[in-house]
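Here is a short briefing for a first look. Please view the sequence and the model side by side.

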Amino acid sequence: MKILFDRIDEPGLNTLEVYERRGGYESLRKALRMTPEEVLSELEASNLRGRGGAGFQMGKKVSFLPHGAIEKYLVCNADESEPGTFKDRELMQKTPHMLIEGLVIASYAAGAGRSFIYIRGEYAQQADILDAALGEARAAGYIGERILGSEHSLSVVLHRGAGAYICGEETGLLDSLEGKRGNPRLKPPFPANQGLYQGPTLINNVETLSTVPAILRMGGAAYAKLGTETSTGTKLVSVSGHVQRPGNYEVELGIPSRELIYDLAGGPPQGRTVKCWFPGGSSSPVLTGADLDVPYDFDSMAKAGSMLGSGAIIVVDDSTPILDVALKTAKFYRHESCGKCTPCREGTNWTVTMLERIDRGEATPMDLDIMASVQDHIIGNCLCVLGDAMAMPIGSMIVKFRDEFEAHMEKRRVQAPEPLEV
Amino acid sequence: MSAPDRSRGWDLPADLASDPATIPDPATTPVPAELRSEIEAHMALYPDSSSAALPALEAAQRVHGWCSPEAIEQVACVMGVTPASLDAVATFYDMLYNEPVGEHAIFVCTNISCSLCGADELYAALLDAAGEDTAFNVRAFECLGACDIAPMASVDGVYVGPLATADVPVLLEDVRTGRPVLAEKQLLRRACADPGAGA
């Protein structure tokens, strides 16, 4: 069943004309005939869990906003930068009006009068397409003052980032949107109470908002029948790395992971096997070839010791040393750490240093224990989860591939050109 | 090769002898009229005009080529803030340049998925082929969000991939002559991988 990707390559789907011809903005009309509370109860009935990474129930998040005549903000997180993730990019590029329609409906349910779409600066082409679509939607009266004759008004500003992974973290995003360095904030207060400009703020991912029109069309209860009981609906999954047909696939949550990796994405190249895979972007603990039959949904992934995250599978085949994967991962987080919290700033740096030491033949197995303890000391000790996002996959690699790390260490030690000074 | 250090100048001695720079005086700070109106338009979009810092710096960078002291001074003047507050912002983001760079930005994604598919070799080949040509700003970049076309690059904002090292000379020649870069390999032309998505 395709909800988001239904005939996604239809020429001109990015224009209002084609989108309307397919019934676009009918869900918005329907929503505006309902009360905001009724719209919210549909969202809650759908059990839709946020598609950005945390998997929090969207309807519940909307309901956390305070009521009353206070200025509220809706922010769409389009800063997709979790390594391996590229689903929002395809949505914004090919069907931007679906996002805009979902955004307006969500703002109605939340009572927000101002909204911002924070898109990563690298997505310049997608931002231009989205900008053009916003222009069309404005001209057609789908955004602006008194939308379609209702009492609801909404302004939308497209805000382009300038290259920083941390701005995908919701409070880092808010600081960046306020014109500052993208440093995460202490929580609580949570954005629902004090977010953008200290006002109540709802933050949702592109895919989450893009799903909202379908929920209104089908009804929340009907949507909840898709997928599993606790992971409802369909999900876009980005599959990349060592697979023959990398790309985005829309699947019902709960299908076997093997089906995604092998049947849809074609599996690793001929003669190769899956060594490990990240199920939810590079921040998720790695799973191995033995975990391929784990159902692809939020709870099953958590039970298997990992997470669904942003829905990005990165496959690594048996031709790649685990050290290379660990080093790439750690270097990324070292570069992207904002530097505000010590465990993350120092922990990412020392992890890279220790991995490099292994590769130079200067390490002993004890270094693996030290490295593992560094990971333990990062987790839960920072304002945001960027450090955890390195510590979880690296920690899982040390546990699952310890033998290989030790063999690598020994091989390099023997190869080392000069004896180590004691 | 490691990515450039974001915190430029952290090890430079601080100038403690003079007072911190104040908000530039409009009377003595010339700002190109077009740049001024673009920044003012951005400021008008937000309930708090300081939100315009990123788009304003990006606009100034387009005029000056990088976030030079002069560019920062001009943005600070229009926005009515101190240069230091903007310098703090400009040094945080990878797409704002703190030193002069080549005109054409070629960002090669070297994150995990691209790297598994040969991005490190691609980056080395691009660096080598661009050589001393100062028209190019070739740099390794973290995940650009296009792992479906790995290994890939963003060439002046246009995504192309999957790239082989054999594509490198054509890519550079396309940029030099102003042709659309590797027209056949542009991401925007790519169909959805999902067989059920259909046109």
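The points below cover the domains and a sheet of chain A, then chain B.

This is a predicted model: local features need pLDDT of at least 70, side-chain atom pairs count only at pLDDT 80 or more, and totals for chains, interfaces and linings use all residues. Residues are numbered from 1 along each chain as its sequence is written, while chains are lettered from A and ligands numbered from 1 in the order in which they are written.

**Domains of chain A**

- Chain A is assigned domain 1 (16–224), domain 2 (234–317) and domain 3 (322–415); the bounds come from an automatic or database domain assignment.
- The centres of domain 1 and domain 2 of chain A, taken over C-alpha atoms, lie 27 Å apart.
- Between these two domains of chain A, 13 residues of domain 1 are in contact with 16 residues of domain 2 (contact: C-beta atoms, placed from the backbone, within 7 Å).

**The sheet of chain A**

- Five strands form an open sheet with mixed pairing, in the order β6-β5-β11-β8-β9 (chain A). Strands are DSSP runs of E with at least two residues, helices are runs of H or I with at least four, and both are numbered from the N terminus. Two strands pair if DSSP finds at least two bridges between them.
- β6 (247–252) and β9 (287–288) of chain A are the edge strands; each has a single partner strand, so one side of each has no neighbour in the sheet.
- Helix α11 (residues 257–264) of chain A packs on the sheet and touches β5, β6, β8 and β11 of chain A. Its direction makes about 55° with that of β5(A); axes are lines fitted to C-alpha atoms, for helices over the stretch in contact, and angles run from 0 to 180 degrees between N-to-C directions.
- β8(A) and β9(A) run antiparallel, joined by 2 bridges. A:C276 has A:T288 in β9(A) as its bridge partner.

**Strand β11 of chain A**

- In β11 (residues 312–317) of chain A, 6 of 6 residues are buried (buried: 20 or more other C-beta atoms within 10 Å of its own; exposed: 12 or fewer; partly exposed: in between; C-beta atoms are placed from the backbone).
- β5 (residues 234–241) of chain A pairs with β11(A) in the parallel sense over 4 bridges. Here A:V239 stands opposite A:I313.
- β8 (residues 274–278) of chain A pairs with β11(A) in the antiparallel sense, also over 4 bridges. A:F278 has A:I314 as its bridge partner.

**Chain B**

- Chain B has 7 helices and 4 strands.
- Of its 199 residues, 43% count as buried.
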